[in-house]
Amino acid sequence: MSTIKNPEAKFGYGSDHINPLKVVNPGLVYDAGPIDYIRFLCGQKYSTTLLRLVTGDNSTCDATISAKVWDLNYPSFALSTFHSETNFTRIFNRVVTNVGTPVSTYRASVTDAPTGFRIQLNPSVLSFTSLGQTLSFTLTVEGTIVDPIVSTSLVWDDGVHQVRSPIVVFVVS
């Protein structure tokens with residue numbers, strides 16, 4: 001599906017089309033555990049009563065546990081903005097876990113960044129020394145809204161694995 005013909009295509013296929021032969025060896029994964037989702041729900045203003053219905057335990061929300069939607073360690077990056085917000089900046093924090101080659105170096109690239117967008121990664125190279133090792137990075141998206149929806153992709157590549165994450169910015173009415 002072409003994003004030129006259908007600019008909403010990224011919402012339809014997410015990080016990429018699934019290749020069943022490669023799914024058992026993805027290289028990197030974005031793990032999110034129960035505490036990540038609790039922080040997310042607290043950031044969505046869930047009450048303690050509602051949170052406990054979801055978690056089935058004695059979880060509570062307070063200021064130290066609350067997180068924004070973009071803080072969820074998810075393999076995609078989505079930013080919604082309003083027409084009145086012509087310029088935007090969003091910082092996403094992510095953690096990836098190495099499940100590929102024990103000693104590996106992944107280099108980041110951004111494919112087809114829309115005109116007027118500036119995307120920065122820190123760091124832009126992740127060097128792993130063991131399986132199960134986690135490393136963090138930040139992705140900063142800055143730009144000016146021109147079209148109602150634009151997208152690009154972040155790709156981490158170690159020469160064997162290409163780990164693709166969509167980056168989508170859209171205007172809400």
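Figure 1. Read along the sequence, the pattern is α-β-α-α-β-β-β-β-β-β-β-β. That comes to 3 helices and 9 strands, where helices (H or I, at least four residues) and strands (E, at least two) are DSSP runs, numbered from the N terminus. Of the chain's 173 residues, 33% count as buried; buried means under 20% relative accessible area, exposed over 50%, and partly exposed in between (1.4 Å probe, protein chains only). Please keep in mind that this is a predicted model, in which local features need pLDDT of at least 70 and side-chain atom pairs count only at pLDDT 80 or more, while totals for chains, interfaces and linings use all residues. Residues are numbered from 1 along each chain as its sequence is written, and side-chain values use heavy atoms, with hydrogens and water left out.

**Figure 2. A salt bridge between Arg 118 and Glu 142.** Here the two side chains meet at 3.4 Å, N to O. The count comes to 1 salt bridge, defined as a side-chain nitrogen of Lys or Arg within 4 Å of a carboxyl oxygen of Asp or Glu. Arg 118 lies in strand E5 (residues 117-122) and Glu 142 in strand E7 (residues 134-144), so the pair ties together parts that are 24 residues apart in sequence. Arg 118 is partly exposed, at 45% relative accessible area, and Glu 142 is partly exposed too, at 24%.

Figure 3. A pocket is an open set of points on a 1 Å grid over the protein atoms alone, where a 1.4 Å probe fits, with protein on both sides within 12 Å along at least five of seven lines; lining residues have an atom within 4 Å of a point. Of the 14 lining residues, Val 69, Trp 70, Ala 78, Leu 79 and Phe 92 lie nearest the centre. Strands E2 (77-82) and E3 (87-98) each give two or more residues, and E2 gives the most, with 4.

**Figure 4. Thr 105 and Phe 128.** These residues are 23 apart in sequence, and their C-alpha atoms are 6.1 Å apart in space. Thr 105 sits in strand E4 (residues 104-111) and is partly exposed, with 29% relative accessibility.
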